[in-house]
Amino acid sequence: MRSFTVHRGLVAPLDRANVDTDAIIPKQFLKSIKRSGFGPNLFDEWRYLDRGEPGMDNSRRPLNPDFALNQSRYQGASILLARKNFGCGSSREHAPWALEDYGFRAIIAPSFADIFFVNCFKNGLLPIRLSESDVGWLFDQVNAFSGFELVIDLPAQQVRTVDGARSFAFDIDPFRKECLLGGLDEIGLTLEHADAIREYESRRLVQQPWLANRLAD
């Protein structure tokens, strides 16, 4: 998992509330359990004018010109700005996989669905909760200024405009913060104790050697 410290990136607006996980990555794309390859189908039903299916050549599909991610001013965006209750619906972990695979490093919204919120941290995404008034101000800036960027400073728990004229503090659980800073998911956390695990397994085989016995072929 990639670590997250200080990130500067272009902001893309998704001016919708209650965006559910089926809108983030539709159900027909959930057959794979790999964490990569979902980016081209992020927001598939809004992004394209036809119905997407696994295995389609997305480069040949008709794009919806009214959808923000298809507009040239938002190409390369790595910060997503959304409205309240983002990530509601099913608990599919494919949703943060698709957002991360597309290139987003952080999502800013007034509120998130609980399971989606937790899944973001497990996949290197930083979900940031700001007040509705602050999010509204950010939408105004994104719409008014092409190329609007933000700086997200995780150690300082702060979102800043590039010129530093405006900043917003955000809360984050200390444990989740340390995991993001260190780039540690649950497997990474376990592997930090690899030496202790190997020592325990060696000691257990000495104390209980029958555990090493195998059935004859």
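View 1. Helices (H or I, at least four residues) and strands (E, at least two) are DSSP runs, numbered from the N terminus. This is a predicted model, in which local features need pLDDT of at least 70 and side-chain atom pairs count only at pLDDT 80 or more, whereas totals for chains, interfaces and linings use all residues. Residues are numbered from 1 along each chain as its sequence is written, and side-chain values use heavy atoms, with hydrogens and water left out. E6 and strand E7 (residues 167–169) pair in the antiparallel sense over three bridges, where two strands are said to pair if DSSP finds at least two bridges between them; Val159 has Phe168 as its bridge partner in E7. On the E5 side, strand E5 (residues 149–153) runs antiparallel to E6 and is joined to it by four bridges, with Val159 as the partner of Ile152. E5 and E6 also form a hairpin, with four residues between them, and Gln157 in that turn has a positive phi of about 55°.

**View 2. The two faces of strand E6.** In a regular strand the side chains alternate between the two faces of the sheet. In strand E6 (residues 158–161), Val159 and Thr161 make up the covered face, while Gln158 and Arg160 make up the uncovered one.

**View 3. The seven-stranded sheet.** The sheet is open and holds seven strands in the order E4-E3-E2-E1-E5-E6-E7, with mixed pairing. E4 and E7 are the edge strands, each pairing on one side only, and the twist averages 25° from one strand to the next, the axes being lines fitted to C-alpha atoms (for helices over the stretch in contact) and the angles running from 0 to 180 degrees between N-to-C directions. Strand E1 (residues 6–14) pairs with E5 in the antiparallel sense over five bridges, and Leu10 stands opposite Glu149 of E5. E1 pairs with E2 in the parallel sense over four bridges, and here Pro13 stands opposite Leu81.

View 4. E2 and E3 pair in the parallel sense over three bridges, and Ile79 stands opposite Ala106 in E3. The chain crosses from E2 through H3 to E3 in a right-handed β-α-β crossover; right-handed here means that, with the strands pointing away from the viewer, the path from the first strand over the helix to the second runs clockwise.

View 5. In helix H3 (residues 94–102), the buried residues are His94, Ala95, Pro96, Trp97, Ala98 and Leu99, and their cover includes helix H1 (21–24), E2, strand E3 (106–109) and helix H4 (114–122). After H3 comes Gly103, with a positive phi near 130°. H4 lies across E3 and E4 and runs at about 135° to E4; its buried residues, Phe116, Phe117, Asn119, Cys120 and Phe121, pack against H1, H3, E3, E4 and helix H6 (174–182). The largest nonpolar core has 56 residues, of which Phe43, Phe86, Leu99, Ile108, Phe116 and Leu126 touch the most other members; such a core is a set of buried Ala, Val, Leu, Ile, Met, Phe, Trp, Tyr and Cys residues joined through side-chain atoms within 4.5 Å.

**View 6. Two buried asparagines in loops.** Asn123 lies in the loop between H4 and strand E4 (126–129) and is buried, because its relative accessible area is 7%. Its side chain makes a polar contact with the side chain of Trp97 at 2.9 Å, a polar contact being a pair of N or O atoms within 3.5 Å, of which, within protein, one must be able to donate a hydrogen and the other to accept it, with residues adjacent in sequence counting only if both atoms are side-chain atoms. Asn64, in the loop between helix H2 (44–47) and strand E2 (79–82), counts as buried because its relative accessibility is 17%. The side chain of Asn64 reaches the backbone nitrogen of Asp66 at 3.0 Å, and, residues up to four places away in sequence not counted, Asn64 touches Trp46, Arg47, Tyr48, Leu49 and Asn70, contact meaning heavy atoms within 4.5 Å.

Key. Buried means under 20% relative accessible area, exposed over 50%, partly exposed in between (1.4 Å probe, protein chains only).
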